[in-house]
Amino acid sequence: RLLRKLGAVKSKNERGQIVYRLPHEPAPPTISSQLSSLLIDVVANETTIIVNTSPGSAQLIARVLDYHKKDLHILGCIAGDDAIFIAPRSVAEIADVLVAIRKLLFA
């Protein structure tokens, strides 16, 4: 049970023996975990904001961002598997938009 809680998976080593290993990617979140546990980082440049998430979580978080797009002053999001590209309404306000997104997601 402890190995399962740690996220260890069974795999074969170079000799063909069954061993337990920790996965290279972060363990998938549990149902009771908060939204912020799915986030890795939120970064921006002069024109675009990018949210990096756990694998498979980007579409869920992008849906939350799109739902609040008027309050966040964004045009919309494009989500992949583990990254979200966010288009701000105005690049002149990108610093304020970045703060608002971080406040929403990491609350």
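1. Buried residues account for 26% of the 107 residues in the chain. The structure under review is a predicted model, and the remarks below should be read with that in mind.

2. As to the overall architecture, the chain contains four helices and six strands. Followed along the sequence, these elements are arranged in the pattern α-β-β-β-β-α-α-β-β-α. Among the contacts in the chain with a separation of 6 or more, 43% are between residues 24 or more positions apart.

3. The largest nonpolar core deserves attention next. This core has 19 residues, of which Ile49, Val51, Leu65, Ile74, Ile84, Ile86 and Ile101 touch the most other members. Two or more residues come from each of β3 (39–44), β4 (49–53), α2, β5 (74–79), β6 (83–88) and α4. Helix α4 gives the most, with five residues. In soluble globular proteins, nonpolar side chains tend to be buried together.

4. Leaving aside residues up to four places away in sequence, isoleucine 49 touches Val42, Val43 and Ala44, then Ile84, Phe85 and Ile86, and finally Ile94, Val97, Leu98 and Ile101.

5. How do helices α2 and α4 pack, and what is the angle between them? Helix α2 (residues 58–67) and helix α4 (residues 94–105) meet at an angle of about 120°, and their axes are 11 Å apart. The angle is why α2 is described as oblique to α4. Their crossing is right-handed.

6. The contact between these two helices can be described residue by residue. From α2 come Ile61, Val64 and Leu65, which meet Ile101, Leu104 and Leu105 of α4. By class, the residues of this contact are six nonpolar, no polar and no charged.

7. Is aspartate 96 buried or exposed? Its relative accessible area is 57%, so aspartate 96 is exposed. Aspartate 96 and leucine 72 are 24 residues apart in sequence, and their C-alpha atoms are 8.7 Å apart in space.

8. The loop between β6 and α4 holds arginine 89 and glutamate 93. Arginine 89 counts as partly exposed because its relative accessibility is 45%. Glutamate 93 is likewise partly exposed, at 37% relative accessibility. With residues up to four places away in sequence not counted, arginine 89 touches Lys69, Lys70, His73, Ile74 and Leu75.

9. Arginine 89 and threonine 47 are 42 residues apart in sequence, with 10.0 Å from C-alpha to C-alpha. For glutamate 93 and isoleucine 74, the sequence separation is 19 residues and the C-alpha to C-alpha distance is 10.0 Å.

10. Histidine 73 lies in the loop between α3 (69–72) and β5. Its relative accessible area is 37%, so histidine 73 is partly exposed. Histidine 73 is also one of the residues touched by arginine 89.

11. Serine 54 is placed in the loop between β4 and α2. Is this serine 54 buried or exposed? Serine 54 counts as buried because its relative accessibility is 8%, where the cut-off for burial is under 20%. Apart from residues up to four places away in sequence, serine 54 touches Ser37, Leu38, Ile40, Asp81 and Asp82.

12. Alanine 8 sits in the loop between α1 (2–6) and β1 (9–12). With a relative accessibility of 18%, alanine 8 counts as buried. Which residues does alanine 8 touch, not counting residues up to four places away in sequence? They are Leu3, Tyr20, Arg21 and Leu22. The C-alpha atoms of alanine 8 and tyrosine 20 are separated by 5.9 Å, and the two residues are 12 residues apart along the chain.

Conventions
Residues are numbered from 1 along each chain as its sequence is written. This is a predicted model: local features need pLDDT of at least 70, side-chain atom pairs count only at pLDDT 80 or more; totals for chains, interfaces and linings use all residues. Side-chain values use heavy atoms; hydrogens and water are left out. Axes are lines fitted to C-alpha atoms, for helices over the stretch in contact, and angles run from 0 to 180 degrees between N-to-C directions. Angles under 35 degrees count as roughly parallel, over 145 as roughly antiparallel, 65 to 115 as roughly perpendicular and the rest as oblique. A crossing is left-handed if the near helix is turned anticlockwise from the far one by less than a right angle, and right-handed if clockwise. Contact means heavy atoms within 4.5 Å. Ala, Val, Leu, Ile, Met, Phe, Trp, Tyr, Cys and Pro count as nonpolar, Asp, Glu, Lys and Arg as charged, and the others, Gly among them, as polar. A nonpolar core is a set of buried Ala, Val, Leu, Ile, Met, Phe, Trp, Tyr and Cys residues joined through side-chain atoms within 4.5 Å. Buried means under 20% relative accessible area, exposed over 50%, partly exposed in between (1.4 Å probe, protein chains only).
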